[in-house]
Amino acid sequence: MLEIKNLYARIEDGAQILKGINLEIKPGEVHAIMGPNGAGKSTLSSVIAGKEDYEVTEGEILFQGENIIEDAPEERAHKGIFLSFQYPVEIPGVSVTNFIKAALNENRKANGLDEMSAKDMLGMIREKSEKLGIKKDFLSRSLNEGFSGGEKKRNEIFQMMMLNPKLAILDETDSGLDIDALRIVADGVNTFKNEGNAVLLITHYQRLLNYIQPDFVHVLANGRIIKTGDKSLALELEEKGYDWLLN
Ligand SMILES: Nc1ncnc2c1ncn2[C@@H]1O[C@H](COP(=O)(O)OP(=O)(O)O)[C@@H](O)[C@H]1O
Ligand SMILES: [Mg+2]
């Protein structure tokens with residue numbers, strides 16, 4: 001599904017951050033990326049999603065066999081790449097529901113589909129929100145306005161479920177996540193996951209991996225993946241930190 005080959009990227013006119021990333025994600029897989037602060041984890045997720053603050057200087061990103069490096073972020077989203085919290089803006093007067101309706105219909109349009117009928121949309125919102133334990137009053141709140149950490153996570157997971165991407169990238173940058181927020185993310189990923197999609201989970205919370213079973217765990221440091229293993233690697237990192245890998 002996603003194949004990253006020898007990827008080098010830098011901040012526009014700035015330092016080189018990614019220095020030769022190789023990563024292959026197949027349908028049905030969950031990959032976790034861990035690593036010290038400043039390693040380039042968020043940069044990698046931004047570069048996959050196509051954020052324009054970064055410049056790819058070498059390498060390829062293939063999504064379903066197609067090089068997407070030249071695609072704008074919206075095009076990548078329309079092809080089925082979702083990055084959590086890509087839209088952190090507060091929009092007073094636009095509810096959680098209205099925002100996702102617009103995003104979903106825009107996505108459908110880009111893929112040559114008609115707008116979803118109000119009835120189908122409502123049915124889908126009901127189904128997904130019930131699955132995630134989201135209450136009605138949350139759905140009518142203004143997007144991101146005064147959201148707590150947990151509510152932001154709930155909104156992200158709801159967006160992921162509704163947009164139903166092929167590849168979901170969740171970047172858990174927030175250091176203030178409490179156990180409830182971690183559970184929201186974990187339950188969301190476990191509900192979302194199926195044999196036809198994939199998840200790239202970026203986290204420095206080993207604890208999150210107690211609730212989500214990754215197929216692969218990668219350690220990213222200094223812009224490179226320096227080690228890949230299974231779930232046991234996450235436990236080893238929890239115990240030993242990253243220093244033993246860095247020398
Ligand atoms: N837009 C940016 N402007 C300036 N420096 C940046 C930018 N994005 C990332 N960096 C720098 O790149 C390095 C990697 O950052 P980041 O990808 O956020 O790491 P991580 O998510 O692993 O903590 C850091 O040194 C960070 O300061
Ligand atoms: Mg980060």
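# Exercises on strands, salt bridges and surface charge

Strands β3 and β10 (residues 198–203) pair in the parallel sense over four bridges. Two strands count as paired if DSSP finds at least two bridges between them. Strands (E, at least two residues) and helices (H or I, at least four) are DSSP runs, numbered from the N terminus.

This is a predicted model, where local features need pLDDT of at least 70 and side-chain atom pairs count only at pLDDT 80 or more, while totals for chains, interfaces and linings use all residues. Residues are numbered from 1 along each chain as its sequence is written, chains are lettered from A and ligands numbered from 1 in the order in which they are written, and side-chain values use heavy atoms, with hydrogens and water left out.

## Exercise 1: strand β3

Step 1. Start with β10. Val-30 has Val-199 as its bridge partner there.

Step 2. Turn to strand β11 (residues 216–221). β3 pairs with β11 in the parallel sense, over four bridges. Ile-33 stands opposite His-218 in β11.

Step 3. Check the cover. Buried means under 20% relative accessible area, exposed over 50%, and partly exposed in between (1.4 Å probe, protein chains only). In β3 (residues 30–34), five of five residues are buried.

Step 4. Val-30, Ala-32 and Met-34 are on one side. His-31 and Ile-33 are on the other. Both faces are covered.

## Exercise 2: the open sheet

Step 1. The order is β2-β1-β4-β5, with antiparallel pairing.

Step 2. The edge strands are β2 (16–25) and β5 (66–67), and each pairs on one side only.

Step 3. β4 and β5 are antiparallel and pair over two bridges. Leu-62 has Asn-67 of β5 as its bridge partner.

Step 4. Inspect two loops for positive phi. Gln-64 lies in the loop between β4 and β5. Its phi is about 50°, although Gln-64 is not a glycine. Gln-64 is partly exposed, at 46% relative accessibility. Asp-13 lies in the loop between β1 and β2. Phi of Asp-13 is near 55°, again positive in a residue other than glycine. Asp-13 is exposed, with a relative accessible area of 72%.

## Exercise 3: salt bridges

Count the salt bridges, then work through three of them.

Step 1. A salt bridge is a side-chain nitrogen of Lys or Arg within 4 Å of a carboxyl oxygen of Asp or Glu. By this rule the count is 10.

Step 2. Take Glu-60 and Lys-5. Their side chains form a salt bridge at 3.9 Å, N to O. Glu-60 lies in strand β4 (residues 54–63) and Lys-5 in strand β1 (residues 2–11), so the pair ties together parts that are 55 residues apart in sequence. Glu-60 is partly exposed at 30% relative accessibility. Lys-5 is partly exposed at 34%. Salt bridges also link Glu-3, Lys-5 and Glu-60 in a network.

Step 3. Take Asp-71 and Lys-79. The closest N and O atoms of this salt bridge are 2.5 Å apart. Asp-71 is buried, with a relative accessible area of 13%. Lys-79 is partly exposed, at 26%.

Step 4. Take Glu-236 and Lys-240. The salt bridge spans 3.1 Å, N to O. Both residues lie in helix α8 (residues 231–240), four residues apart, about one turn of the helix. Glu-236 is partly exposed at 29% relative accessibility. Lys-240 is partly exposed at 44%.

## Exercise 4: a charged patch

Step 1. Patches are made of residues with over 30% relative accessible area and no salt bridge, with like charges joined within 9 Å. Asp and Glu count as negative. The place of a charge is CG of Asp or CD of Glu. Areas come from the Shrake-Rupley method with a 1.4 Å probe.

Step 2. Read off the members. They are Glu-12, Asp-13, Glu-52, Asp-53, Glu-74, Glu-75 and Glu-106.

Step 3. Glu-106 is found in helix α3 (residues 96–110). Glu-106 is partly exposed, with a relative accessible area of 45%.

How values were computed. Patch = residues over 30% accessible without salt bridge, like charges linked within 9 Å, V, L, I, M, F, W, Y side chains within 5 Å.
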